[in-house]
Amino acid sequence: MENEKINTKTNPSNSLEVGERIRILRINQNRTLQEVADSCGLSKSMISKIENNKTIPSVATLVKIASTLGTTISGLLEQDGWDKAIVTSRKEAVEKLVMTEKGYLIFPYASEYHEKKMQPFLFVARKGEVIPHQLSHEGEEFVFVVEGTMKMQIGDTEYILKTGDSLYFNALQKHGIIPVTDEVTYIDIFV
């Protein structure tokens, strides 16, 4: 099975989960789980769990996997749709939030938009649930706090962001967030 090409025509992307898309790309590139894991700095079992949709990877992990597979995070998240305008209600976004292994909830906006130049996400982070961590990856980020307060560490500098505040930064700098209020909701756009 490892050398078998997967025909995406018989398995349209819009019905696939992100893990299945990752598996299709990996197999079509004749790469093993171990090769992708080594390139991403992850374990083989973690890549397997992601591919089998048993865990939802963090955005930083998705960036690493996308880079390793020669695509973008949008390429992993988008579906085959070619719509020119995507509307998502707040209710729909909140209902479709999923928990990542780092302890925050995430929803990727406009996953059906083909070949996006940016990837917007809705994040909800709750005090005591987020596993403190810092990460870095290629690209730039724009964070806008919808509701609540959070600490955001960028390199050696710590920022306190409140409702309505924003921050734009180079994502190669190590960064991470910690909720200050019981819950913080924010938009994070990756380019």
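The secondary structure of the protein chain, in a predicted model, consists of 6 helices and 9 strands; helices (H or I, at least four residues) and strands (E, at least two) are DSSP runs, numbered from the N terminus. Residues are numbered from 1 along each chain as its sequence is written, and side-chain values use heavy atoms, with hydrogens and water left out. As the model is predicted, local features need pLDDT of at least 70 and side-chain atom pairs count only at pLDDT 80 or more, while totals for chains, interfaces and linings use all residues.

Of the 191 residues in the protein chain, 43% are buried, where buried means under 20% relative accessible area, exposed over 50%, and partly exposed in between (1.4 Å probe, protein chains only). Among contacts with a separation of 6 or more, 65% join residues 24 or more positions apart; a contact means heavy atoms within 4.5 Å.

An open sheet is formed by 6 strands in the order β1-β2-β3-β9-β4-β7, with antiparallel pairing. Two strands pair if DSSP finds at least two bridges between them. Strands β1 (98-99) and β7 stand at the edges with a single partner strand each, so one side of each has no neighbour in the sheet. Strand β7 (residues 166-170) is joined to β4 (residues 140-147) by 5 bridges in the antiparallel sense, with Phe144 opposite Ser166. In a regular strand the side chains alternate between the two faces of the sheet. In β7, Leu167 and Phe169 belong to the covered face, whereas Ser166, Tyr168 and Asn170 belong to the uncovered one.

Further pairing involves strand β5. Strands β5 (residues 149-154) and β6 (residues 157-162) run antiparallel and are joined by 6 bridges, Lys151 having Ile160 as its bridge partner in β6. The two strands form a hairpin with 2 residues between them, and Gly155 in the turn has a positive phi of about 60°. Strand β5 also pairs with β8 in the antiparallel sense, over 5 bridges; here Met152 has Ile177 as its bridge partner.

The largest nonpolar core holds 35 residues, of which Met150 and Met152 touch the most other members. A nonpolar core is a set of buried Ala, Val, Leu, Ile, Met, Phe, Trp, Tyr and Cys residues joined through side-chain atoms within 4.5 Å. Helix α4 (residues 59-68) gives the largest share of this core, 5 residues. Apart from this core lies another, of 9 residues, among them Leu105, Phe107, Leu122 and Ile189. Helix α4 is largely enclosed by the rest of the structure, because 8 of its 10 residues are buried. These buried residues include Val59, Leu62, Val63 and Ile65. Just after α4, Gly70 takes a positive phi of about 70°.

The structure holds 1 cavity of 30 Å³ or more. On a 1 Å grid over the protein atoms alone, a cavity is a set of points where a 1.4 Å probe fits but cannot get out, and lining residues have an atom within 4 Å of a point. The largest cavity has a volume of about 170 Å³, a volume being the space filled by probe spheres set on the points, which are joined across faces, edges and corners. Its lining comprises 15 residues, of which Tyr104, Leu135, His175, Tyr186 and Asp188 are the closest to its centre. The elements giving two or more residues to this lining are α4, β8 (175-179) and β9 (183-190).

Technical notes: On a 1 Å grid over the protein atoms alone, a cavity is a set of points where a 1.4 Å probe fits but cannot get out, and a pocket is an open set with protein on both sides within 12 Å along at least five of seven lines; lining residues have an atom within 4 Å of a point.
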